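Thanks for coming. I have one structure to walk through this morning, so please look at it while I talk.

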Amino acid sequence: LGHYNIISHGDRNRHVDVSYTSENIEESTKIKHLQSNVINGLVSLADYNDLITRMFNLYGANSFNRSSSVVLNVSGKEILIRKFVLETTIEKGKIVINDTTQESTDNFIYEGDLYAFPVDEELTFDDFNTVKLVRLGETENIFSFPEDFNFKEVVVFSGPEVRRRIIPKYYNRDKSDFDKSKRFTHSADVTRYWSQKLITENVMTGKHWQEVCKAFDMCSNYNLPFTTYNGLKSVARNPILIVKFVIAMWINEYKDVLSQDIDRFEQEMVIALHWIPSKVWSKCMEELLQTIPQQLQPMIMGKMQNLVELIKDLFSSTVSTDIATEFTSYLISDRLEPGKNFLTPEINNFKMKIHGISDLNHDLPLIKFQLQGSYYPRQDMLLSYRVMIESAMCAAENTCSVENCTNLFSYECKEHARIANFYRKYFKETYSEIFFRTVKIISNNKK
């Protein structure tokens, strides 16, 4: 955003309107709008970054859906904002970059480097690295692969410093470009393949676990969507694989990059570590201890506290630091002090902390959470208050494996998950307090 400027002068009462557009949204009239005063003078688009990021977090970046954009409207002038804008295709094994955002592109020259990493099925771990493509001419938007690059299946992408980046894209160098349907089918097939491999492999020694950890590191370093790599998508669809992924990142010494980018990973994948059932955490930890070779047990056991510290750090990043230590201890030991139902004054105090950008919280997302338990006295309140409060309680029901709860990891409940993540991000302290108190209530009721 820092590369683009807006010049605006005039009436001080003018507003900038930020909304969203996508062919996936059937009722455009229900799309939320965020408004703020126009900043006069020559200003960077980055000055509106908070509004733009908030809208992306509400509806998702959807980097691979060409119809999805944040819409910034200043005095009737619309600006469509995407994180990745340029298209590519493959011709005779070479990558061609196209600009489809302008009517006239005769003078278009791609500025920056182009990279790729191989994704062949029989790839060795040592071969799983990024390579820089070779530009055929300074005035050409055509790139070839290095002569010693012998892999057929690749993902092509821009460097992180590029001002206008290509949409990351899979290619088979021996075939023509896939259409949308074939690309979707191929992605689904590969994601299922990864799920099968990760479920059956030993998290300590499995080749695919090593590769998926390295892929996370690549996506982080090159600022790519984590959904670029199908192995990471398979991880995010299964709570057991998410926990094993955390363990694998620790074993393979990627814990720093995981801590650094865990919040982005949760947002893009529409998941959260704290939703994972406590019994899944304990089961995966037990499996880890059982699979450690006898000769390595003294060394691994001596480092287990480092794994616990990593888990605590991840919760410190994604939920409140106030609950991270105690919540981590609960997941490891299954011991927790009992909690009592919320009282009306406590709920009123929470409501005072839930403020959107607009009057009456019209900008906050709404959805109905069907709770299985009763944790607070029912009362009349703004619907946004109830959604915020019950999103945290729903998360707690997932953590505690409450029967028939709204499964935030299921595809059918993805919108519930996205909205829960939104409130977790923008009302972190309040959300975390409600979440962990509800975990204690449910835990106490089970005894």
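Asn-223 is partly exposed, because its relative accessible area is 39%, and the cut-offs for that class are 20% and 50%. You will find Asn-223 in the loop between helix 3 and helix 4, the latter running 230-236. Keep in mind that this is a predicted model. Most residues other than glycine have a negative phi.

There is another case of this. Glu-253 is not a glycine either, and has a positive phi of about 60°. Where does Glu-253 lie? Glu-253 sits in the loop between helix 5 (239-251) and helix 6. Its relative accessibility is 69%, so Glu-253 counts as exposed.

Next, a lysine. Lys-214 belongs to helix 3, residues 207-221. Lys-214 is buried and yet has no salt bridge. Which side chain of opposite charge is nearest to Lys-214? That is Asp-126, 6.1 Å away, and the limit for a salt bridge is 4 Å. If we leave aside neighbours within four places in sequence, Lys-214 is in contact with Phe-125, Phe-128, Asn-129 and Tyr-254.

Now to charged pairs that do meet. How many salt bridges does the count come to? The count is 22.

Another pairs Asp-263 with Arg-424, where the closest N and O atoms are 2.9 Å apart. This one links helix 6 (residues 255-269), which holds Asp-263, with helix 12 (residues 414-426), which holds Arg-424, across 161 residues of sequence. Is Arg-424 buried or exposed? Arg-424 has 0% relative accessibility and therefore counts as buried.

Then there is Glu-337 with Lys-440, a salt bridge of 3.3 Å from N to O. Glu-337 is in the loop between helix 9 (321-333) and helix 10 (344-352), and Lys-440 is in helix 13 (residues 428-446), so the bridge ties together parts that are 103 residues apart in sequence. Glu-337 is partly exposed, with a relative accessible area of 48%, whereas Lys-440 is buried, at 11%. Going back to Asp-263 and Arg-424 for a moment, salt bridges with shared partners join these two, Glu-266 and Lys-425 into one network.

Last item: the helix pair. The axes of helix 9 and helix 13 come within 10 Å and cross at roughly 30°. That angle makes helix 9 roughly parallel to helix 13, because angles under 35 degrees count that way. The crossing of helix 9 and helix 13 is left-handed. Which residues make the contact? From helix 9 they are Asp-322, Ile-323, Glu-326, Phe-327 and Tyr-330. From helix 13 they are Glu-429, Ser-432, Phe-435, Phe-436, Val-439 and Lys-440.

Note on methods: Residues numbered from 1 in each chain as written. Predicted model: local features only at pLDDT ≥ 70, side-chain atom pairs only at ≥ 80, totals over all residues. Heavy atoms only, no water. Helix = DSSP H or I, 4+ residues; strand = E, 2+ residues; numbered from the N terminus. Buried < 20%, exposed > 50% of the residue type's maximum accessible area, 1.4 Å probe, protein only. Lys, Arg positive; Asp, Glu negative; His and termini not counted. Contact = heavy atoms within 4.5 Å. Axes fitted to C-alpha atoms, helices over the stretch in contact; angles between N-to-C directions. Parallel < 35°, antiparallel > 145°, perpendicular 65-115°, else oblique. Left-handed = near helix turned anticlockwise from the far one by under 90°.
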